[in-house]
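Please read these points with the sequence and the model open beside you. They go from the whole chain down to single residues.

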Amino acid sequence: MTRKASPEVTKLVDELATIVTKKYVSAHIFERIKSSIDTFPYEAEKENLPYAIVMPKSKNEVSEILKYANRREIPVFIRGSGTSFTGASRYHIPGIVINTHRMNDIEVFEDFGFFECGPGCICESVAKEIETRGYFLPFAPGSRLIASMGGLIANNTSAHIVDASVGKPGDYVLGLEVVLPNGEIIETGTKGLRRPAGTDLTKWFVGGDGLLGVVTRIRMRLAPAFERAYGIAIYQDLKSLAKGVQRIYRERRPLPLFMEFMEKETAKIGYKIKGLEIPKGSVILFVSTGNSKEEASQKAEQILSSLRAENPMEAQLIKDIELWEKLWSSREVIGSYLMQESGNQWSSAEVVSNLMELEACMEDASHFNQDLPVLSQLTLYLFGHIGGLTMHPGVIIPKEWDNEKKKRAVDEKFQREAELNLKYHTCGGEWGQFAKRAPFFIMRYGEESYELMKKIKKTFDPNNILNPGVLEGDFNNKENG
Amino acid sequence: MNQRKVARDLHSIDEEEYIEDLKGIILDAAKRCRNCNYCFTICPLFHSTRGFMSQTPSGIMQSINYALKWDVFKGEDQEILRDLLYLCTTCNGCVLRCKSKATGLPVLDAIEAGRKLLREMMIGPLPQQRKPLKDIYLYGNPYGEKPERRVDWTKGLKVKIIPPERAEVLFYVGCTTAYEPSLHLIGKSLVRLLQSLHVDFGILNEEVCCGEPARRMGDEGLFQEMMNRNLDQFKSYGIKTIVSISPHCFNTFLNEYPTIQEEIKIQHYTEFLAEAFKGKKPLFKKEISSVITYHDPCYLGKHNQIFNAPRELLQMIPGVKLVEMKMTREESLCCGGGGGRMFAEVEEERRLSDMRITQALEAGANIIATACPWCYKMLQNSIQDSNLEDKIRAKDISIILSEALN
């Protein structure tokens, strides 16, 4: 979609108001700014601010907005909480923003074995509804306090959970209600607990990067909660740590629900904040599950037996829950502590290894910023979800840097991330495939795959109305995305 | 001790320097904001407004930030900006959330700096807030009441009036309790409780507003004027301990009056009574068979981490069953009365106090207790407006304790 002459905003607002009432349309500058910035450290761009923000309550209102946008050929961006890490919520062209906040209801149908929620529902609210009833939440984003269910499903991210253990959220999605970019409304999937064999339109939208439709209702299976057991291993070096993780898979151990790691220097920070004795090496923390405490502990012991084979300095179950909570939160607080101590902003990449080359990939990740003109000026920190073979090398971006330098830092991060994920034949498993990652998609899967994606997008969205710029990447740098 | 920045004495700097200070607070905080938006869900506005992204802590902070950067202070925009800034209840939830999960920004300092800046630019406060500010200036209270009527509520009570009398403890009543007839019972109950403990206390004959509403509404000059008037009185009468009814006055004395903490012990009445009644449980002889839930006032809880003392007091009463609402302690939902909102109508898609009453009913309570005159008024109004008097009542803890004294 090319940049077109701006519509008359007053008229646009009036017309949108006929769909959602005037109360739920905003076109003032402050809403337009806040609805177009994301977690990237650089500033909003005047020329790309949306024209207006609209808050529909129902699928029918979403449908009417999309039909209207198609008639007028105005881009539409879908916004949950705007916390994308790949630039998917930073727009490169003005348009109408649909804020999903009002579609935030949740209903639990225990007799049917599923729950349903709107895309604006916050993950934490879902957690409160289902965990208190004894069910398991099959996703664990660090941004659980604010991430919207619509964004979570569009990215199909299990986030910190080890995918190979319990799968991705999509494995729990029974069906969706979707408004297509042309305004047509469809229902996918089933109200049964057996997902469709063969064609299931659900799959186009779960993990669809928001390209093909607007999800207005999500139905997910209720899975019973597990009992948990906790373990720790500390290694002298990252090589042994990597070998320990490889062993878990190769020795066919019951995979943990969570398995986090902190490189030695990074771990020191987290441990210090939590008042723990400073670790002498790099740390693995993991959570095993079972139908009983005993079963969870047995599984954790099996994992420990693999980890012990690589000569850790320490490897044991943690039975003291208070200690475990301190240890676990030592990993969680690192980013916020670094930001608070420096007064600057955290920025990290998502490097994913294959199983075979984990040692080499960890070595590369620990030199993530090497030789990069801007990022190499900064200290590197390293932690991640090692059970999912994922590493988050990160830096603290100084607030004093000018906008351009901050942009270069972000671009270098995605460039190096792409190089490493190409080298190990992997891809991001947490944050979505396009926006800043569009060049990687082409390098990783070839022009043919990218062209296929464009054709698919055109089939669903002939006018490229929905979330333009996400598939195209950095839109402004191209003649015609 | 609250770490919020205290503005410099306005007499010591010129106007330009003051404005640069305010801009610095805003720009520095906003530059460090990661827009992670973790502050959204703890914010009362996220639950009570339409939920536009600018109606959130980071949204308000970014609004004033970009207003400065892009010079957006003209026409309709200035009113929109003003309305956004004055929406905030100043509950401090965002500051706690940012500290525990994100960049640890002084979000509230930035929002209040924005209000002060708008006040300097003659854009703020909200139109309805102008009269209470004028009344504080003219009468020493935001309600335009006569100063000489301030101690009327004590008629018939044996309360020392300072001066001419002197007392060990200054019982600081606050404007709302002193002038609002429906709240006199709070003052009277506390007198009874203090007397039962044989505390040597008195109230100021010429008590004036602590200045809190002025600062919340952005009028720093008026705040400092009231602060100086109060400090002069405290000094003149050799005050060593202040026990305050309102968490707002308490927080102002404790965290916003510079240096006072070194010379005067400042306590909220719940803290003072919890300490004083410890080990004296038999004093509460009358059984109160009620299911009570406690609503944490923001300036007691989220601003000063006083969560236990009020609950300990309630648990001293025989027969009381204490239950918690789903949003409690650090995550307590504001009643909507703070930040100058007692004096103006602002956008509320869902009234915060109504939501709070619903939460109290969901918790199974038939009394929602609190320890703040404004919270009490907000909650009481919601109960009355919703015709729920037969299901639940709002009560200040002081009243419940006094009833239990038998």
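1. The radius of gyration is taken here over C-alpha atoms, and the rule for a globule is 2.2 Å times the number of residues to the power 0.38. The model is a predicted one. For the 481 residues of chain A, a compact globule would have a radius of gyration near 23 Å, and chain A has 23 Å, so the two agree. The C-alpha trace of chain A spans about 70 × 55 × 45 Å along its principal axes.

2. Of its 481 residues, 52% count as buried. Take the contacts in chain A between residues at least 6 apart in sequence: 70% of them join residues at least 24 apart.

3. One sheet of chain A can be followed strand by strand. Four strands make up this open sheet, in the order β1-β2-β4-β3, with mixed pairing. Which strands stand at the edges? They are β1 (25–26) and β3 (76–79) of chain A; each has a single partner strand, so one side of each is left without a neighbour in the sheet. Strand β3(A) runs parallel to β4 (residues 96–99) of chain A, and four bridges join the two. As a pair to look up, A:Arg79 has A:Asn99 in β4(A) as its bridge partner.

4. Two helices lie across strands of chain A. Helix α1 (residues 9–20) of chain A lies across β1 and β2 (52–54) of that chain, at about 0 degrees to β2(A). Helix α3 (residues 59–72) of chain A lies across β2, β3 and β4 of chain A and runs at about 170 degrees to β4(A).

5. Next, the nonpolar cores. The largest has 166 residues, and A:Val54, A:Ile284 and B:Val107 are those with the most contacts inside it. Helix α6(B) gives the most to this core, namely seven residues. Apart from this core lies another, of 84 residues, including B:Ile260, B:Leu314, B:Phe343 and B:Met355.

6. What does A:Ile284 contact, its neighbours within four places in sequence left aside? The partners are A:Ile232, A:Ala233, A:Leu241, A:Met259, A:Phe261, A:Leu307 and A:Ile386.

7. On the interface, 34 residues of chain A are in contact with 27 residues of chain B. On the side of chain A that touches chain B, α2 (29–34) and α12 (334–342) of chain A each supply at least two residues. The largest share of that side, five residues, comes from α2(A). By type, the residues on the side of chain A that touches chain B are twelve nonpolar, 15 polar and seven charged.

8. A:Arg444 deserves a separate entry. This residue is found in helix α15 (residues 438–460) of chain A. Is A:Arg444 buried, exposed or partly exposed? A residue is buried if 20 or more other C-beta atoms lie within 10 Å of its own, and exposed if 12 or fewer do. A:Arg444 has 17 other C-beta atoms within 10 Å, so it is partly exposed. Residues up to four places away in sequence not counted, A:Arg444 touches A:Leu422 and A:Cys427. A:Arg444 and A:Leu422 are 22 residues apart in sequence, while their C-alpha atoms are 6.0 Å apart in space.

9. Two residues of chain A have a positive phi without being glycine. A:Arg252, with a phi of about 55 degrees, is one of them; its place is in the loop between α8 (238–250) and β13 (258–262) of chain A. A:Arg252 counts as exposed because it has 9 C-beta neighbours inside 10 Å. For A:Asp371, phi is near 65 degrees, and this residue is in the loop between α13 (358–365) and β18 (381–384) of chain A. A:Asp371 has 8 C-beta neighbours inside 10 Å and therefore counts as exposed.

10. Last, cis peptide bonds in chain B. One joins B:Gly124 and B:Pro125, with omega about 0 degrees; B:Pro125 is found in the loop between α6 (107–120) and α7 (130–139) of chain B. A cis peptide bond also joins B:Ile162 and B:Pro163, with omega about -15 degrees. B:Pro163 is found in the loop between β1 (160–162) and β2 (169–172) of chain B.

How values were computed. Residues numbered from 1 in each chain as written. Chains lettered and ligands numbered in written order. Predicted model: local features only at pLDDT ≥ 70, side-chain atom pairs only at ≥ 80, totals over all residues. Contact = placed C-beta atoms within 7 Å. Nonpolar A, V, L, I, M, F, W, Y, C, P; charged D, E, K, R; others polar. Pairing = 2+ DSSP bridges. Axes fitted to C-alpha atoms, helices over the stretch in contact; angles between N-to-C directions. Core = buried A, V, L, I, M, F, W, Y, C linked by C-beta atoms within 7 Å.
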